[in-house]
Amino acid sequence: MESCSLDEAACALRRGEVAIFPTDTVYGLGVAVNAADGPGALYALKGRDEGKPIAWLVDGPEALCRYGCDVPVIARLAAAAFWPGPLTLIVRASDAVHRVSLGRGHHRAAHAGRRARPRPH
């Protein structure tokens, strides 16, 4: 596997490709939800059963409200207070979330939003 710069990773994400990125606890595999055709590449790379939902990382409280629906006030306040940081929120998914990423039988019931603390260069 080849290492690349942050700019190269961002370009790959904009092209709908998968990127590997550090979070506060682990390395993750991800795609940009507004550029990729769906999370199929993530399922394939991870060897993940499509019946298991995939967590969604969002870049801030505004995105939490875009990809979640009926987001409780307390969740929005927590996101505003603690992001960036190691906070995971589970909210109902909006129609903006690709159905495959919800797993079989989840009927848009769960969506994980999390933002990792930015790392220094």
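Strands E1 and E2 form a hairpin with 4 residues between them. Helices (H or I, at least four residues) and strands (E, at least two) are DSSP runs, numbered from the N terminus. The model is predicted: local features need pLDDT of at least 70, side-chain atom pairs count only at pLDDT 80 or more, and totals for chains, interfaces and linings use all residues. Residues are numbered from 1 along each chain as its sequence is written, and side-chain values use heavy atoms, leaving out hydrogens and water.

E1 spans residues 19-22 and E2 spans residues 27-30. The two strands pair in the antiparallel sense over 4 bridges; pairing requires that DSSP finds at least two bridges between two strands. Ile20 has Leu29 of E2 as its bridge partner. Pro22 stands opposite Tyr27 in E2. In a regular strand the side chains alternate between the two faces of the sheet.

The interior was examined next. In soluble globular proteins, nonpolar side chains tend to be buried together. A nonpolar core is a set of buried Ala, Val, Leu, Ile, Met, Phe, Trp, Tyr and Cys residues joined through side-chain atoms within 4.5 Å. The largest such core has 15 residues, of which Val58, Leu64, Tyr67, Trp83 and Leu89 touch the most other members. Helix H3 (61-67), H4 and strand E4 (85-91) each supply at least two residues of this core. Another core, of 5 residues, lies apart from it; Ala36, Leu42, Tyr43 and Ile54 are among them.

Two backbone features stand out for comment. Most residues other than glycine have a negative phi, and most peptide bonds are trans. A cis peptide bond joins Trp83 and Pro84, with omega about 0 degrees. Pro84 sits in the loop between H4 and E4. Asp70 is not a glycine, yet it has a positive phi of about 55 degrees. Asp70 belongs to the loop between H3 and H4. Asp70 is exposed, with a relative accessible area of 67%.

On the surface, Val73, Ile74 and Leu77 form a nonpolar patch with about 320 Å² of accessible area together. Patches are made of residues with over 30% relative accessible area and no salt bridge: like charges are joined within 9 Å, nonpolar side chains (Val, Leu, Ile, Met, Phe, Trp, Tyr) within 5 Å. Accessible areas come from the Shrake-Rupley method with a 1.4 Å probe; for residues, only the protein chains shown count as cover. Leu77 lies in helix H4 (residues 73-82). Leu77 is exposed, at a relative accessible area of 54%.

The structure holds 1 salt bridge, defined as a side-chain nitrogen of Lys or Arg within 4 Å of a carboxyl oxygen of Asp or Glu. This bridge links the side chains of Arg15 and Glu17 (3.0 Å, N to O). Arg15 is exposed, with a relative accessible area of 54%, whereas Glu17 is partly exposed at 36%.

A search of the whole structure finds 0 disulfides, a disulfide being a pair of cysteine sulfur atoms within 2.5 Å. Cys65 is partly exposed, with a relative accessible area of 36%. Cys69 is also partly exposed, at 25%.

Note on methods:
Buried means under 20% relative accessible area, exposed over 50%, partly exposed in between (1.4 Å probe, protein chains only).
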